[in-house]
Amino acid sequence: MLDQAQTASPPMIAACGLTKRFEDGQLALQDVSFAVRPGQIFALLGGNGAGKTTTINIFLNLLEPTAGEACIGGIASHVDPLGAKRQIAFVSENVMLYDTFTAIGNLEFFTRLGGRNHLTRDDYRAALRRVGLADADHDRRLGGFSKGMRQKCGLAIAILRDAPAILLDEPTSGLDPQAGFEFLTLLGELRDEGKAILMSTHDIFRAHEVADLIGIMDRGRLVMLRTREELRGENLEALYIRFMAGSAAATEEVDRDPAAH
Ligand SMILES: Nc1ncnc2c1ncn2[C@@H]1O[C@H](COP(=O)(O)OP(=O)(O)OP(=O)(O)O)[C@@H](O)[C@H]1O
Ligand SMILES: [Mg+2]
(Lines give C-alpha, C1' and ligand atoms only; values in the text may rest on other atoms or scores of the structure.)
(Ligands and ions follow the chains in the order given, each with its own letter.)
Protein backbone atom coordinates (compact mmCIF):
# COMPACT_ATOMS: atom_id res chain seq x y z
CA MET A 1 0.00 0.00 0.00
CA LEU A 2 2.67 2.45 1.10
CA ASP A 3 4.78 1.58 -1.92
CA GLN A 4 1.88 2.36 -4.22
CA ALA A 5 1.31 5.69 -2.48
CA GLN A 6 5.01 6.49 -2.78
CA THR A 7 5.08 5.67 -6.47
CA ALA A 8 2.00 7.81 -7.05
CA SER A 9 3.27 10.84 -5.12
CA PRO A 10 5.06 13.55 -7.11
CA PRO A 11 8.83 13.79 -6.70
CA MET A 12 10.09 16.00 -3.88
CA ILE A 13 13.63 16.21 -5.28
CA ALA A 14 14.02 16.18 -9.05
CA ALA A 15 16.88 16.82 -11.45
CA CYS A 16 15.78 17.34 -15.05
CA GLY A 17 18.47 17.41 -17.71
CA LEU A 18 20.86 19.04 -15.27
CA THR A 19 23.97 20.29 -17.06
CA LYS A 20 26.80 22.39 -15.64
CA ARG A 21 29.75 23.88 -17.47
CA PHE A 22 32.06 25.94 -15.27
CA GLU A 23 33.54 29.24 -16.42
CA ASP A 24 36.87 27.51 -17.13
CA GLY A 25 35.14 25.20 -19.61
CA GLN A 26 34.99 22.17 -17.28
CA LEU A 27 31.83 20.18 -18.08
CA ALA A 28 30.90 18.90 -14.61
CA LEU A 29 27.37 17.63 -15.32
CA GLN A 30 25.81 16.36 -18.53
CA ASP A 31 22.06 15.90 -18.79
CA VAL A 32 21.53 14.36 -15.34
CA SER A 33 17.94 13.39 -14.48
CA PHE A 34 16.47 11.60 -11.45
CA ALA A 35 13.53 11.88 -9.07
CA VAL A 36 13.28 11.20 -5.34
CA ARG A 37 9.78 10.83 -3.85
CA PRO A 38 8.71 11.32 -0.24
CA GLY A 39 9.73 8.19 1.66
CA GLN A 40 12.76 7.44 -0.52
CA ILE A 41 16.53 7.61 -0.05
CA PHE A 42 18.58 8.20 -3.20
CA ALA A 43 22.28 7.39 -2.81
CA LEU A 44 24.56 8.99 -5.38
CA LEU A 45 27.82 7.10 -5.86
CA GLY A 46 30.75 8.03 -8.08
CA GLY A 47 34.48 8.66 -8.08
CA ASN A 48 36.22 11.88 -7.08
CA GLY A 49 35.22 14.66 -9.45
CA ALA A 50 32.20 12.75 -10.81
CA GLY A 51 29.82 15.66 -10.15
CA LYS A 52 28.04 14.68 -6.92
CA THR A 53 28.77 17.87 -4.97
CA THR A 54 28.06 19.99 -8.06
CA THR A 55 24.61 18.36 -8.29
CA ILE A 56 23.85 19.04 -4.62
CA ASN A 57 25.16 22.61 -4.87
CA ILE A 58 22.76 23.34 -7.73
CA PHE A 59 19.83 22.18 -5.57
CA LEU A 60 21.09 24.54 -2.86
CA ASN A 61 21.41 27.34 -5.45
CA LEU A 62 25.09 27.71 -4.62
CA LEU A 63 25.63 27.12 -8.35
CA GLU A 64 23.44 27.92 -11.36
CA PRO A 65 22.81 25.17 -13.87
CA THR A 66 23.98 25.80 -17.44
CA ALA A 67 20.90 23.88 -18.64
CA GLY A 68 18.09 21.90 -17.05
CA GLU A 69 16.70 22.38 -13.56
CA ALA A 70 16.97 21.12 -10.02
CA CYS A 71 13.53 21.20 -8.38
CA ILE A 72 12.48 20.85 -4.76
CA GLY A 73 8.76 20.27 -4.32
CA GLY A 74 8.26 21.42 -7.90
CA ILE A 75 10.20 24.67 -7.39
CA ALA A 76 13.32 25.17 -9.55
CA SER A 77 16.18 26.25 -7.27
CA HIS A 78 17.57 28.85 -9.69
CA VAL A 79 14.13 30.37 -10.32
CA ASP A 80 12.92 30.65 -6.71
CA PRO A 81 15.96 30.00 -4.46
CA LEU A 82 14.23 30.90 -1.20
CA GLY A 83 11.12 28.89 -2.01
CA ALA A 84 13.27 25.84 -2.77
CA LYS A 85 15.61 26.30 0.22
CA ARG A 86 12.70 26.60 2.64
CA GLN A 87 11.98 22.94 1.90
CA ILE A 88 15.57 21.72 2.31
CA ALA A 89 17.65 20.59 5.26
CA PHE A 90 21.33 20.21 4.33
CA VAL A 91 24.11 18.28 6.04
CA SER A 92 27.61 18.61 4.60
CA GLU A 93 30.72 16.53 5.18
CA ASN A 94 32.21 19.27 7.31
CA VAL A 95 29.27 20.70 9.19
CA MET A 96 29.81 24.43 9.73
CA LEU A 97 28.97 25.10 13.37
CA TYR A 98 30.24 27.51 16.01
CA ASP A 99 33.07 26.11 18.13
CA THR A 100 32.44 28.61 20.91
CA PHE A 101 28.76 27.64 21.26
CA THR A 102 27.57 24.51 23.06
CA ALA A 103 25.70 21.79 21.18
CA ILE A 104 22.39 23.19 22.45
CA GLY A 105 23.58 26.73 21.59
CA ASN A 106 24.32 25.71 18.00
CA LEU A 107 20.93 24.04 17.64
CA GLU A 108 19.22 27.13 19.02
CA PHE A 109 21.17 29.49 16.73
CA PHE A 110 20.76 27.55 13.52
CA THR A 111 17.12 26.53 13.96
CA ARG A 112 16.21 30.18 14.70
CA LEU A 113 18.17 31.24 11.63
CA GLY A 114 15.98 28.78 9.73
CA GLY A 115 12.87 30.46 11.10
CA ARG A 116 11.92 27.90 13.74
CA ASN A 117 11.53 30.18 16.75
CA HIS A 118 9.13 28.21 18.91
CA LEU A 119 11.46 25.32 19.83
CA THR A 120 12.31 24.72 23.50
CA ARG A 121 15.41 23.36 25.24
CA ASP A 122 13.51 20.10 25.61
CA ASP A 123 13.13 19.95 21.82
CA TYR A 124 16.88 20.51 21.38
CA ARG A 125 17.71 17.83 23.96
CA ALA A 126 15.29 15.37 22.37
CA ALA A 127 16.86 15.93 18.93
CA LEU A 128 20.40 15.47 20.32
CA ARG A 129 19.34 12.28 22.08
CA ARG A 130 17.77 11.04 18.88
CA VAL A 131 21.03 11.42 16.97
CA GLY A 132 22.87 9.69 19.81
CA LEU A 133 24.82 12.58 21.36
CA ALA A 134 25.36 11.74 25.04
CA ASP A 135 23.51 13.98 27.53
CA ALA A 136 26.83 15.00 29.09
CA ASP A 137 27.86 16.58 25.76
CA HIS A 138 24.73 18.69 25.22
CA ASP A 139 26.14 21.65 27.18
CA ARG A 140 29.76 21.31 26.04
CA ARG A 141 31.32 23.74 23.55
CA LEU A 142 31.80 22.30 20.08
CA GLY A 143 35.48 23.24 20.04
CA GLY A 144 36.20 19.95 21.82
CA PHE A 145 33.97 17.76 19.66
CA SER A 146 35.10 14.98 17.31
CA LYS A 147 33.97 14.90 13.68
CA GLY A 148 31.25 12.33 14.43
CA MET A 149 29.88 14.43 17.29
CA ARG A 150 29.71 17.48 15.01
CA GLN A 151 28.00 15.42 12.35
CA LYS A 152 25.40 14.38 14.90
CA CYS A 153 24.75 18.05 15.76
CA GLY A 154 24.37 18.81 12.04
CA LEU A 155 21.82 16.05 11.66
CA ALA A 156 19.96 17.21 14.79
CA ILE A 157 19.63 20.68 13.20
CA ALA A 158 18.42 19.08 9.98
CA ILE A 159 15.81 17.08 11.92
CA LEU A 160 14.60 20.18 13.76
CA ARG A 161 14.25 22.09 10.49
CA ASP A 162 11.62 19.47 9.69
CA ALA A 163 12.03 20.06 5.95
CA PRO A 164 10.50 17.58 3.49
CA ALA A 165 13.78 17.25 1.55
CA ILE A 166 17.09 16.32 3.19
CA LEU A 167 20.31 16.71 1.19
CA LEU A 168 23.57 15.26 2.47
CA ASP A 169 27.03 15.46 0.91
CA GLU A 170 29.15 12.53 2.13
CA PRO A 171 27.60 12.61 5.60
CA THR A 172 29.34 9.47 6.85
CA SER A 173 32.82 10.27 5.57
CA GLY A 174 35.23 10.08 8.49
CA LEU A 175 32.74 8.51 10.89
CA ASP A 176 33.70 5.32 12.69
CA PRO A 177 31.75 2.20 11.62
CA GLN A 178 29.42 2.33 14.62
CA ALA A 179 28.67 6.06 14.14
CA GLY A 180 28.22 5.49 10.38
CA PHE A 181 25.77 2.69 11.05
CA GLU A 182 23.79 4.76 13.55
CA PHE A 183 23.74 7.74 11.18
CA LEU A 184 22.30 5.70 8.34
CA THR A 185 19.80 3.93 10.61
CA LEU A 186 18.52 7.36 11.56
CA LEU A 187 18.31 8.38 7.89
CA GLY A 188 16.22 5.23 7.35
CA GLU A 189 13.87 6.38 10.13
CA LEU A 190 13.54 9.84 8.57
CA ARG A 191 12.78 8.20 5.22
CA ASP A 192 10.09 6.09 6.92
CA GLU A 193 8.58 9.31 8.28
CA GLY A 194 8.16 10.47 4.68
CA LYS A 195 11.25 12.60 4.03
CA ALA A 196 12.83 12.56 0.58
CA ILE A 197 16.58 12.11 1.00
CA LEU A 198 19.41 12.72 -1.48
CA MET A 199 22.82 11.62 -0.26
CA SER A 200 26.21 11.47 -1.94
CA THR A 201 28.49 8.78 -0.56
CA HIS A 202 31.53 6.61 -1.27
CA ASP A 203 30.17 3.88 1.01
CA ILE A 204 28.81 1.35 -1.51
CA PHE A 205 27.87 -1.25 1.11
CA ARG A 206 25.87 1.07 3.33
CA ALA A 207 24.26 2.68 0.29
CA HIS A 208 23.10 -0.73 -0.86
CA GLU A 209 21.66 -1.46 2.59
CA VAL A 210 19.77 1.77 3.17
CA ALA A 211 18.92 3.32 -0.21
CA ASP A 212 15.73 2.87 -2.22
CA LEU A 213 17.41 4.23 -5.35
CA ILE A 214 21.06 4.13 -6.30
CA GLY A 215 22.77 6.21 -8.95
CA ILE A 216 26.32 5.93 -10.20
CA MET A 217 27.93 9.03 -11.67
CA ASP A 218 31.01 9.11 -13.84
CA ARG A 219 32.50 12.28 -15.29
CA GLY A 220 29.27 14.22 -15.02
CA ARG A 221 26.95 11.54 -16.35
CA LEU A 222 24.53 9.34 -14.47
CA VAL A 223 25.68 6.02 -15.90
CA MET A 224 23.43 3.81 -13.72
CA LEU A 225 20.12 4.44 -11.94
CA ARG A 226 18.40 1.49 -10.27
CA THR A 227 15.87 0.77 -7.56
CA ARG A 228 16.46 -1.42 -4.52
CA GLU A 229 14.31 -4.13 -6.16
CA GLU A 230 16.39 -4.03 -9.33
CA LEU A 231 19.53 -4.41 -7.24
CA ARG A 232 18.31 -7.26 -5.04
CA GLY A 233 20.87 -10.06 -5.03
CA GLU A 234 23.35 -7.98 -7.06
CA ASN A 235 26.91 -7.33 -5.96
CA LEU A 236 26.82 -3.54 -6.09
CA GLU A 237 30.57 -3.19 -5.83
CA ALA A 238 31.11 -5.43 -8.87
CA LEU A 239 28.37 -3.55 -10.71
CA TYR A 240 29.99 -0.23 -9.82
CA ILE A 241 33.33 -1.33 -11.21
CA ARG A 242 31.65 -2.69 -14.35
CA PHE A 243 29.74 0.54 -14.97
CA MET A 244 32.87 2.63 -14.41
CA ALA A 245 34.83 0.50 -16.88
CA GLY A 246 31.95 0.61 -19.40
CA SER A 247 31.66 4.36 -19.06
CA ALA A 248 35.41 4.83 -19.52
CA ALA A 249 35.38 2.65 -22.65
CA ALA A 250 32.41 4.58 -24.08
CA THR A 251 34.20 7.89 -23.45
CA GLU A 252 37.32 6.62 -25.20
CA GLU A 253 35.17 5.52 -28.11
CA VAL A 254 33.67 9.03 -28.41
CA ASP A 255 37.12 10.61 -28.09
CA ARG A 256 38.42 8.46 -30.95
CA ASP A 257 35.43 9.19 -33.20
CA PRO A 258 35.84 12.68 -34.73
CA ALA A 259 32.22 12.56 -36.01
CA ALA A 260 31.02 12.45 -32.41
CA HIS A 261 32.42 15.94 -31.67
N1 LIG B 1 34.28 25.98 -9.07
C2 LIG B 1 34.68 25.10 -10.00
N3 LIG B 1 35.30 25.51 -11.13
C4 LIG B 1 35.69 24.64 -12.08
N5 LIG B 1 35.49 23.31 -12.00
C6 LIG B 1 34.90 22.84 -10.90
C7 LIG B 1 34.46 23.69 -9.82
N8 LIG B 1 33.89 22.92 -8.85
C9 LIG B 1 33.98 21.66 -9.30
N10 LIG B 1 34.58 21.60 -10.51
C11 LIG B 1 34.84 20.40 -11.32
O12 LIG B 1 33.61 19.73 -11.51
C13 LIG B 1 33.81 18.32 -11.49
C14 LIG B 1 32.88 17.70 -10.47
O15 LIG B 1 33.30 18.06 -9.16
P16 LIG B 1 32.47 17.65 -7.86
O17 LIG B 1 33.02 18.41 -6.72
O18 LIG B 1 31.02 17.82 -8.16
O19 LIG B 1 32.80 16.10 -7.74
P20 LIG B 1 32.36 15.04 -6.62
O21 LIG B 1 31.66 13.93 -7.32
O22 LIG B 1 31.66 15.72 -5.52
O23 LIG B 1 33.79 14.48 -6.14
P24 LIG B 1 34.30 14.01 -4.66
O25 LIG B 1 33.90 12.58 -4.53
O26 LIG B 1 35.78 14.17 -4.77
O27 LIG B 1 33.69 14.91 -3.63
C28 LIG B 1 35.30 18.11 -11.22
O29 LIG B 1 35.93 17.88 -12.44
C30 LIG B 1 35.74 19.42 -10.63
O31 LIG B 1 37.08 19.67 -10.93
MG1 LIG C 1 32.04 15.97 -3.49
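The buried residues of helix H4 pack against helix H5 (121–130) and H6. This is a predicted model.

**Helix H4**
- H4 spans residues 103–113, and its buried residues are Ala103, Ile104, Gly105, Asn106, Leu107 and Thr111.
- Gly115 follows H4 and has a positive phi, near 90 degrees.

**Packing of H4 on H5**
- The axes of H4 and H5 lie 10 Å apart, and the two helices pack at an angle of about 110 degrees.
- H4 is therefore roughly perpendicular to H5, because angles of 65 to 115 degrees count as such.
- H4 and H5 cross in a right-handed sense.
- On the H4 side, the contact is made by Ala103, Ile104, Leu107, Glu108, Thr111 and Arg112.
- H5 contributes Arg121, Tyr124, Arg125, Ala127 and Leu128 to this contact.

**Nonpolar cores**
- The largest nonpolar core has 50 residues, of which Leu155, Leu168 and Leu187 touch the most other members.
- Not counting residues up to four places away in sequence, Leu155 touches Val91, Val131, Leu168, Phe183, Leu186 and Leu187.
- Another core, of 26 residues, lies apart from the largest one and has Ala50, Ile56, Ile58 and Leu213 among its members.

Methods:
Residues are numbered from 1 along each chain as its sequence is written. Chains are lettered from A and ligands numbered from 1 in the order in which they are written. This is a predicted model: local features need pLDDT of at least 70, side-chain atom pairs count only at pLDDT 80 or more; totals for chains, interfaces and linings use all residues. Side-chain values use heavy atoms; hydrogens and water are left out. A nonpolar core is a set of buried Ala, Val, Leu, Ile, Met, Phe, Trp, Tyr and Cys residues joined through side-chain atoms within 4.5 Å. Buried means under 20% relative accessible area, exposed over 50%, partly exposed in between (1.4 Å probe, protein chains only). Contact means heavy atoms within 4.5 Å. Helices (H or I, at least four residues) and strands (E, at least two) are DSSP runs, numbered from the N terminus. Axes are lines fitted to C-alpha atoms, for helices over the stretch in contact, and angles run from 0 to 180 degrees between N-to-C directions. Angles under 35 degrees count as roughly parallel, over 145 as roughly antiparallel, 65 to 115 as roughly perpendicular and the rest as oblique. A crossing is left-handed if the near helix is turned anticlockwise from the far one by less than a right angle, and right-handed if clockwise.
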